[in-house]
Amino acid sequence: LAELVETACAALLTSVTTTPVSDDNITAALLRQAAARLQINTNGTWVPGSPGKLGEAYGIFTATQSPALMAIEEVNSAEMRGDSENPYVKGLWSKGFGFRLLSSTVVPYDGAKWTSGLYLRSAFIAGWNDRTMVRKLQVELATQYILYNNVGFSVLFSERCVPIQTTTNGA
């Protein structure tokens, strides 16, 4: 159920009307370009590292792009981030990006490019025909959960999402 919902949301990255930023792989320059475009699209009401009026930004990438993301020095270097925290020890590795880093296995791939994205939560909207229902069923020693979910997603504000297209996955 969770993967189906995540797949539906990630598929929206390919349908926003904002012009994507692209490169062969995830680089610091590419992430800075996407963040700058998001800041321009929101007329400066969102800035990297600050939730502002529009809330926190999210960056969603495929798990195979992690090596390229970890190679970005300003993310892994406390001196370049301007703090003394070790991201590997405290689990704050995504702090250096200026947005919350999400890793997913359902990032859209069309055979030629990956479409990741940097977005604000308000870029998308979800709607339910029926709320998610969960039923518990006990069969001898096994417990089964039956879930029903009828939810749809749509793009609400295209300018609050910047698609990031790469041709290599970093694996």
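**Briefing: cysteines, Phe97 and overall fold**

Cys9 is partly exposed, with a relative accessible area of 29%, and this value belongs to a predicted model. Cys161, by contrast, is buried, its relative accessible area being 0%.

**Cysteines**
- With a disulfide taken as a pair of cysteine sulfur atoms within 2.5 Å, the count for this model comes to zero disulfides.
- Cys161 is classed as buried because its relative accessible area of 0% is under 20%.

**Phe97**
- Phe97 lies in the loop that runs between helix 6 (87-90) and strand 3 (100-104).
- Although placed in a loop, Phe97 counts as buried, with a relative accessibility of 10%.
- The C-alpha atom of Phe97 is separated by 8.9 Å from that of Gly59, a residue 38 positions away along the chain.

**Fold and surface**
- The protein contains six helices and seven strands, and along the sequence these elements follow the pattern α-β-α-β-α-α-α-α-β-β-β-β-β.
- Among contacts in the protein with a separation of 6 or more, 72% are accounted for by residues 24 or more positions apart.
- The protein exposes about 9800 Å², and carbon and sulfur atoms supply 55% of that area.

Definitions and conventions
Residues are numbered from 1 along each chain as its sequence is written. This is a predicted model: local features need pLDDT of at least 70, side-chain atom pairs count only at pLDDT 80 or more; totals for chains, interfaces and linings use all residues. Side-chain values use heavy atoms; hydrogens and water are left out. Buried means under 20% relative accessible area, exposed over 50%, partly exposed in between (1.4 Å probe, protein chains only). Helices (H or I, at least four residues) and strands (E, at least two) are DSSP runs, numbered from the N terminus. Contact means heavy atoms within 4.5 Å. Accessible areas come from the Shrake-Rupley method with a 1.4 Å probe; for residues, only the protein chains shown count as cover.
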